Amino acid sequence: MSQFSLARRTGAPARLLICDPDPALRATVRAALARRDSLDMIEAADIAGALALLPRCTSALVGAVDPEDAVRRIRACGFSGTLIVALSESSVTDAVAAMRAGADDVVQKPLVVEEVMDRLLAATPARRPERRRRAARPLPRGGDFCGLYGRSTAMQAVYAQVERLAASRAAVFVTGESGTGKDLVAAAVHAASSRRDAPFVALNCAVIPAELMEVALFGREDAGAMDRAQSGTLHLDEITQMEPACQARLMHFVETGRFSPVGEVAEREADVRLVCATSRDPLEEVRAGRLREDLYYRLAVLPLALPPLRARGDDVLLLAETFLARFAGEEGRPMPRFTPEVVEALRARRFPGNVRELQNLMRQVVILSEGGTIPPGLLAEPAAPEADTPGRSPEVFIQGWSEGHSWHGRVEPLAVIERRAIEAAIAAFDGNISLAAAALDLSPSTLYRKKLAWGERTRLS
């Protein structure tokens, strides 16, 4: 047993080591801790001095010229406490390298001391003894937490909430903008729960035609999602777009725990936990009559709101690196380099499509970059289209009115223009119906029905 583990088992007091060559920074942290009266502090000016003091510490805040080397040396000596690295320069490469070497978090100088203290205290064994035990347990999936990536304060709060909600049997209602990862959070709730070894079944209410939704959920001749999720978790994505008749049947199940397949009278029981999600404002959907009020309040027992990517700070850089490494491997191409200009472009971009938009952008970067260099223009925020500007669309050649009120150019049927616009939107969002529908201000079910209609006409022609 290492001396660090022994100190934890014997109830040694929580103590922070701060290692930084700047005495003013050390004094600032010392003063902040004195105000909080929360844990002791010892300090060192360099890594050599820090290594000698680590056996007496439960957490460490380290600033170093080579952060990756410092983290490796600290972890190599057996220190398993919370380790936060303070970077002097905005370098995503150094940040990612430090995290991969074993750092728990990375902060940027000049420090916002109160925020750093919050992170340290939230992870200190004396204050939260369950943290180290949780870290020692293998996570069910890859990533920072159950398949989710991100180390920002906002995402740490999400992880903590997922763990709290996972222990319950009550329904969970996840809200967040499109592309924030609601499906991954639903899977994380399942993976962190006692149902993790039972099935996890997901249905997207926005892409299943209304006439098929009840069959998909409750089954008819074949087992529906409710049967397949027995003893496990059923994730209903975009629940606000479920048709009223299906909502009524779902309400019956929520109240009784029983359902009947379509076309049958006899009911059967189902031990299924519901995790629902929507990218819309559910209360607005209730007011508009699209979501039953009684159903919403039965499903939203445990609400969980996901932050948009623009509210997650430098998670955008961590995610970008993660996606770049994945796609470079898939495409057999060199991993592009992050220059300061690229970092600034990523930080400046608002990402209305959130993580999904960033993922698609990083795939483009891997394919279009030459010699490992990312063209900065590729990461610029897309310009908003100008409204009502004649001739903007290369597909439509209507140029306006002449003095005699006759058209110049070619006029196409509205149905042709509509189909072209829909197919272009779907292609722009890499086949994602929900994102394409949001961009066109339509419901995903409308797009789905139109695609079905086009397919039928094609077969008949």
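**Aromatic rings**

I checked Phe173 and Tyr296 for burial, and both are buried (under 20% relative accessible area; exposed is over 50%, partly exposed in between, with a 1.4 Å probe and protein chains only). Before going on, I note that this is a predicted model, where local features need pLDDT of at least 70, side-chain atom pairs count only at pLDDT 80 or more, and totals for chains, interfaces and linings use all residues. Numbering runs from 1 along each chain as its sequence is written, and side-chain values use heavy atoms, leaving out hydrogens and water.

How many aromatic pairs does a search of the whole structure find? I get five, counting Phe, Tyr and Trp rings (six-membered ring for Trp) with centres within 6.5 Å; planes under 30 degrees apart are stacked, over 60 edge-to-face, the rest tilted. Phe173 and Tyr296 have ring centres 5.3 Å apart and planes at 90°, so I log them as edge-to-face. Ring pairs join Phe173, Tyr296 and Tyr297 in a cluster.

Next I looked at Phe323 and Phe327: centres 6.2 Å apart, planes at 20°, so they are stacked. Phe323 and Phe327 are both buried.

**Cysteines**

I searched the whole structure for disulfides and found zero (cysteine sulfur atoms within 2.5 Å). Cys57 is buried at 5% relative accessible area, while Cys77 is partly exposed at 33%.

**Ser231**

I find Ser231 partly exposed, at 37% relative accessible area. Leaving out residues up to four places away in sequence, Ser231 touches Arg195, Ala198 and Asp271 (heavy atoms within 4.5 Å).
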